[in-house]
Amino acid sequence: MADLLSDSQFNAFRDLIYRTSGITFSDTNRSILDSRLKEKLREKQITDVDQYYKLVTTNQDEFKNFLDSITTNLTRFFRNQPHFDALINYVIPHVIEEKKKTGSTKIHIWSAGCSTGEEPYTIAMLLKDKLPSPYSFDIVASDISLKSLMVGRQGFYGNTKITGIPQNYLDRFFIKSPDGYQVKPEIRSTISFDYNNLANDSGKKDLDIVFCRNVLIYFDEAAQKATIDRFWKAMARHAYLFIGHSESLFGMDTKFKFLKTQWACLYEKEE
């Protein structure tokens, strides 16, 4: 079973994945798709690739599980600290100034591609600590991986997963147990974890801040642009977008303005 997929089968799965999620598989990472499919066939006790293709194209739950299996969920708390420094020192003060114009005191944030929840929990801890009264916030954390979302909703992290969290935050926002750390309800209640495929319209509106880091690298140029355009429509008139430090909107036909702060680079929407 060294070469599970024929060229036509690989193209069929590749096209399906791209069409429904924007995730691109090329010949260079064909082996990843091949190995994930081998696991799925073993799991389902199916020997025929075409039979499994028929299953994922007719059963929505199995299709979501399949997409889950091919995504990479690499994350950690306080990943790329300069982004969070820029959030607290630059973005939040500017968002508050905008809020003063409308009288609103609620800041709306989307953590898109949140994986197992470390990013939205990091944002929530920082804002609980730093956000001045009377302002409050809510975070929508979304991912295409149902397994990852379940971990995020549970909010429990093993001892090896809490690296990078300041000790005062561990003491304040987590409950220690022999096996790890449980996020306290005061933090969990600020975040709603929700399934979302970035290839589709999220239905979200008036977002002040969007984090979508290390997700666009899995998309080709057309899917990247479509995703960025959907972010623009979902965001408030003046809002901020964080993408991964290895990602860029350079050369893309987008309305976002590149913003370089003393802490990190990000993008700004200004209408």
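Before I look at any pairing, I note that two strands pair if DSSP finds at least two bridges between them. Helices (H or I, at least four residues) and strands (E, at least two) are DSSP runs, numbered from the N terminus.

I am working on a predicted model, where local features need pLDDT of at least 70, side-chain atom pairs count only at pLDDT 80 or more, and totals for chains, interfaces and linings use all residues. Residues are numbered from 1 along each chain as its sequence is written, and side-chain values use heavy atoms, with hydrogens and water left out.

**Entry 1: a sheet**

I looked up strand 3 and found that it pairs with strand 5 (residues 180-183) in the antiparallel sense, over 3 bridges. Within this pair, Gly158 stands opposite Gly180 of strand 5.

**Entry 2**

Next I turned to strand 9 (residues 257-260), which pairs with strand 10 in the antiparallel sense over 4 bridges. A hairpin of 4 residues joins strand 9 to strand 10. I noted Leu266 in strand 10 as the bridge partner of Leu259.

Glu268 also lies in strand 10 (residues 265-270). Is Glu268 buried or exposed? Glu268 counts as buried because its relative accessibility is 5% (buried is under 20% relative accessible area, exposed over 50%, partly exposed in between, with a 1.4 Å probe and protein chains only). I found a polar contact of 2.8 Å between the side chains of Glu268 and His238; the term covers a pair of N or O atoms within 3.5 Å, and within protein one must be able to donate a hydrogen and the other to accept it, while residues adjacent in sequence count only if both atoms are side-chain atoms. Leaving aside residues up to four places away in sequence, Glu268 touches His238, Ala239, Tyr240, Phe256, Lys257 and Leu259 (heavy atoms within 4.5 Å).

**Entry 2: two helices**

Last, I checked helix 1 (residues 7-21) against helix 3 (residues 49-58): their axes come within 11 Å and cross at roughly 15°. Helix 1 is therefore roughly parallel to helix 3 (under 35 degrees; over 145 is roughly antiparallel, 65 to 115 roughly perpendicular, the rest oblique). Residues making the contact include Phe13 and Leu16 of helix 1 and Tyr52 and Val56 of helix 3.

How values were computed:
Axes fitted to C-alpha atoms, helices over the stretch in contact; angles between N-to-C directions.
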